[in-house]
Amino acid sequence: MSTLGRSGVEVSALGFGAAALGNLYAPVGEEQARAAVAAAWQQGIRYFDTAPHYGLGLSERRLGAALREHPRSAYAVSTKVGRLLEPSDGDGDDLAHGFAVPATHRRVWDFSADGVRRGLEASLERLGLDRVDVVYLHDPDDHAEQAFREGYPALEELRSQGVVGAIGAGMNQAEMLTRFVRDTDVDVVLCAGRYTLLDQRARTELLPAAAERGVSVVVGGAFNSGLLADPRPGATYDYTRAPAGLLHRARRMKAVADRHGTTLRGAALRFCAGHPAVAAVLVGARSADEVRDCAERFAAPVPAAFWRELRETGLLPAAGERP
């Protein structure tokens with residue numbers, strides 16, 4: 001277990017990312033969703049991350065229901081603010097946003113202080129909890145001014161009141177997260193897809209700044225949305241079809257892993273966990289089998305010779321940290 005910054009909130013080194021519980025890309029049945037959370041618990045995972053964005057609240061409802069049988073003090077939950085869900089009369093589904101759910105609500109960007117409080121209150125109701133351990137400002141890329149001027153101070157106030165234990169921001173970029181680390185008193189940032197075997201942009205400024213200021217980093221997107229889990233033609237990279245060059249590079253990495261008796265999935269997870277600023281790695285899983293596979297791969301050591309060959313062949317920058 002690791003503590004997030006100076007917050008006192010403890011998280012397991014491997015966390016469960018619950019986007020799939022919101023029917024990411026394709027439907028996930030109720031029993032399958034519950035079984036995935038149960039498998040995570042059996043594997044020792046005690047940190048669970050969700051958001052209103054994931055399936056228009058479906059992920060939060062399913063996660064809260066699945067965790068209800070466990071003592072509240074035994075696990076940590078994070079959710080996110082910045083998108084309010086408002087009822088919609090629209091027909092159809094939400095696949096334009098990536099989720100196979102009916103379009104019963106619409107997302108409204110709101111990083112105001114009132115929006116943060118309303119968003120958190122609604123999340124608690126969907127989760128069926130009286131508190132969450134971590135709250136992130138979710139994807140404030142195009143709303144930086146409001147997020148820093150209004151949203152962040154609201155989170156700081158909620159933390160001082162003891163309503164939440166730790167606060168931060170979660171994004172698919174490293175640059176603005178670095179600003180949060182340097183210019184605010186966040187406990188943790190969630191960086192998705194920018195510290196992986198294929199993309200180390202977070203290593204340049206974000207991770208050193210976090211280490212210097214005692215801010216924890218949670219890494220999401222360890223597989224870059226699929227390519228590093230299974231580098232086959234048609235695999236996705238950052239939620240779109242992987243470019244041919246990246247697919248070729250990932251396949252070369254897999255060949256190196258095969259030669260050294262390890263797996264690309266395991267190496268991808270271990271790489272993310274290797275930096276001292278990283279407190280946890282989130283894995284998104286659609287089933288109990290996927291959860292168990294990720295947990296087993298995460299626990300398995302990766303031979304030093306594998307990392308050495310990656311660097312000698314230029315597949316991984318020589319300056320990269322070795323897990």
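The legends below describe an overview and several close-up views of one predicted model.

Residues are numbered from 1 along each chain as its sequence is written. In this predicted model, local features need pLDDT of at least 70 and side-chain atom pairs count only at pLDDT 80 or more, while totals for chains, interfaces and linings use all residues, and side-chain values use heavy atoms, with hydrogens and water left out.

**Figure 1. Overview of the chain with its ten helices and 16 strands.** Helices (H or I, at least four residues) and strands (E, at least two) are DSSP runs, numbered from the N terminus. The C-alpha atoms fill a box of roughly 55 × 45 × 35 Å, taken along the principal axes. Of the 323 residues, 56% count as buried, where buried means under 20% relative accessible area, exposed over 50%, and partly exposed in between (1.4 Å probe, protein chains only). Among contacts (heavy atoms within 4.5 Å) between residues at least 6 apart in sequence, 73% join residues at least 24 apart.

**Figure 2. Helix α9, residues 288-299.** This helix has twelve residues and reaches 17 Å from its first C-alpha to its last, close to the 16 Å expected at 1.5 Å a residue, the expected span being 1.5 Å times one less than the number of residues. Its buried residues are A288, V291, D293, C294, A295 and F298.

**Figure 3. L24 in the loop between β3 and α1.** With a relative accessible area of 17%, L24 is buried. Leaving aside residues up to four places away in sequence, L24 touches A19, G98, F99 and R286. L24 and A100 are 76 residues apart in sequence, yet their C-alpha atoms are 6.4 Å apart in space.

**Figure 4. N23, in the loop between β3 and α1.** Although N23 is not a glycine, its phi is positive, at about 65°. Most residues other than glycine have a negative phi. N23 counts as buried, because its relative accessibility is 7%.

**Figure 5. S225, in the loop between β13 (216-220) and β14 (236-237).** S225 is partly exposed, with a relative accessible area of 25%.
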